[in-house]
Amino acid sequence: MEFKRVVGTRRSIRWFKPWRPVDRSKIQTILEAANRASRSMNADYPRALVVYRDDLPDEVREALRNPTTSVDLDLAPVFIFWYFDLNYPSGTQDRLKELVAQNALPAAHGWSDAYVEEFLWPQVLAPIAKDPNALVFMGATETGIAICNALNAAVDEGLGTCLHAFTAPDKVKAIFGVPDTWIPVWLQLVGYPMEEPEAGGQRPRQPLGALFFEGNCNTPWEDDPATTSRLRSEGLIQEPGPLPWREKEVQMIARMFGLPEGSARQEDIPAHAAPGTPASLTRWLSALGANDPARAGEAEALTGTLESFIAFAGAEGPDELVERCVRTTKQGDLALSAKGRREIDQQIDAWAAERGLRGRDAIVAGNRIREFLIHNGVFMQGRVAFP
Ligand SMILES: Cc1cc2nc3c(=O)[nH]c(=O)nc-3n(C[C@H](O)[C@H](O)[C@H](O)COP(=O)(O)O)c2cc1C
């Protein structure tokens with residue numbers, strides 16, 4: 001793919017084909033691209049640990065779940081754990097002298113072996129190597145630059161990819177023998193996208209003039225319309241999301257995996273509660289479009305499922321389920337209750353088991369209840385039900 005189209009096509013992909021492994025040569029390409037990134041001091045900052053999903057112990061996968069990363073971990077076949085090695089300054093003089101020997105750092109610009117050994121290292125670089133803030137700042141920045149190449153290389157290889165918070169470094173370290181000097185940065189998930197490569201359209205960005213300036217910081221960058229139009233034709237600028245079919249695309253994929261469905265956008269929800277209907281129930285059904293007369297019967301079926309869970313949980317009604325997941329902070333603010341959510345989550349599994357549901361059926365039914373909570377602002381993570 002042309003460079004501009006790669007950059008323009010890259011999206012954070014959160015739906016992967018779980019059944020399709022990634023050819024090892026594509027992973028090598030990703031690593032090679034990362035290794036080719038520019039780097040200050042010519043130092044080797046990044047480290048990557050490639051692990052295949054099916055070799056990942058369940059305890060690691062569970063520990064990696066966090067509020068921003070969950071279903072992705074069940075679907076993506078390749079995990080690249082990115083780190084930087086705190087020892088990166090070691091050997092800097094030799095690596096700079098290699099650049100001097102190649103005339104990449106030429107005498108014409110003032111470079112020499114003696115300058116590297118006698119002045120640059122002792123006076124400039126060695127102090128940086130002793131400054132913990134500088135070490136972390138540079139390590140993280142430089143690894144980010146390498147990861148950026150890795151993301152774009154994945155897209156160029158026809159893969160989907162997304163970076164994720166790397167929240168269980170201790171578990172990963174213990175199981176995979178990660179050295180003590182490696183500092184975790186991000187987790188990159190890689191696989192074949194389940195969604196279209198457009199993934200619903202290019203994600204929102206501010207115009208250049210809001211971010212970039214020319215000459216001085218009071219003069220916003222002004223786009224040249226002819227250039228903008230060329231960049232559109234070359235694929236750097238693409239149709240912004242959401243494309244008209246995006247909602248259906250996500251709905252169909254979610255249904256394939258038995259995951260919670262419905263529009264996550266609150267403003268999509270019309271206020272049409274029948275008198276006496278609990279607000280939480282209305283929100284859920286509206287988010288699913290289940291009040292649409294063309295889908296008569298669906299609302300009744302969903303309400304019946306929820307009522308069964310309400311009875312199992314010993315709640316007064318739907319609103320109480322939501323209330324159980326919420327707490328008031330010391331400052332008097334409303335917050336989600338980790339304990340309340342965990343309890344409801346466990347009750348959901350117990351309820352499905354009591355109804356005699358097993359395997360996919362149990363997960364799908366449980367995810368309906370989670371879906372109800374999600375549409376009422378309670379952050380829940382559905383489980384993937386493989387067909
Ligand atoms: C360093 C970094 C960390 C990220 N962490 C997460 C994450 O933990 N979970 C997630 O779903 N997306 C994560 N993302 C993806 C961003 O949310 C995403 O880049 C943003 O929504 C813009 O979308 P785009 O990447 O498709 O342009 C991360 C992105 C970056 C660059």
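Reader: What share of the 387 residues in the protein is buried?
Author: Happy to start there! Keep in mind that this is a predicted model. A residue counts as buried if 20 or more other C-beta atoms lie within 10 Å of its own. Of the 387 residues in the protein, the buried ones make up 28%.

Reader: How many helices and strands does the protein have?
Author: Good thing to look for in the picture above. The C-alpha atoms fill a box of roughly 80 × 55 × 50 Å along the principal axes. The secondary structure in the protein comes to 16 helices and eight strands.

Reader: Which elements give two or more residues to the largest nonpolar core?
Author: The largest nonpolar core has 47 residues, and those with the most contacts inside it include Ile-30, Phe-81 and Val-190. Elements giving this core two or more residues are H2, helix H4 (71-75), strand E2 (78-85), H7 and strand E4 (182-191).

Reader: How many residues are in the other core, which lies apart from it?
Author: You can find this other core through Leu-285, Leu-306, Ile-344 and Phe-372, which are among its members. Its residue count is 22.

Reader: At what angle do helix H2 and helix H7 pack?
Author: Two packed helices are described by the angle between their axes and by the distance between those axes. Here H2 spans residues 24-35 and H7 spans residues 132-156, with axes 7 Å apart. Their crossing is right-handed. The packing angle is about 145°.

Reader: How many residues of the contact of H2 with H7 are nonpolar, polar and charged?
Author: From H2 come Thr-29, Ile-30, Ala-33 and Ala-34, while the H7 side includes Ala-146, Asn-149 and Ala-150. Beyond its neighbours within four places in sequence, Ile-30 is in contact with Ala-150, Ala-153, Ala-154 and Val-190. Sorted by type, the residues of the H2 and H7 contact are eight nonpolar, two polar and no charged.

Reader: Why does Leu-236 count as partly exposed?
Author: First, find Leu-236 in the loop between helix H10 (225-233) and helix H11 (246-256). Not counting residues up to four places away in sequence, Leu-236 touches Lys-4, Val-7, Gly-8 and Leu-231. A residue is buried at 20 or more C-beta neighbours within 10 Å and exposed at 12 or fewer. Leu-236 is partly exposed because its number of C-beta neighbours inside 10 Å is 18.

Notes. Residues are numbered from 1 along each chain as its sequence is written. This is a predicted model: local features need pLDDT of at least 70, side-chain atom pairs count only at pLDDT 80 or more; totals for chains, interfaces and linings use all residues. Axes are lines fitted to C-alpha atoms, for helices over the stretch in contact, and angles run from 0 to 180 degrees between N-to-C directions. Helices (H or I, at least four residues) and strands (E, at least two) are DSSP runs, numbered from the N terminus. A crossing is left-handed if the near helix is turned anticlockwise from the far one by less than a right angle, and right-handed if clockwise. Two residues are in contact if their C-beta atoms, placed from the backbone, lie within 7 Å. Ala, Val, Leu, Ile, Met, Phe, Trp, Tyr, Cys and Pro count as nonpolar, Asp, Glu, Lys and Arg as charged, and the others, Gly among them, as polar. A nonpolar core is a set of buried Ala, Val, Leu, Ile, Met, Phe, Trp, Tyr and Cys residues joined through C-beta atoms within 7 Å.
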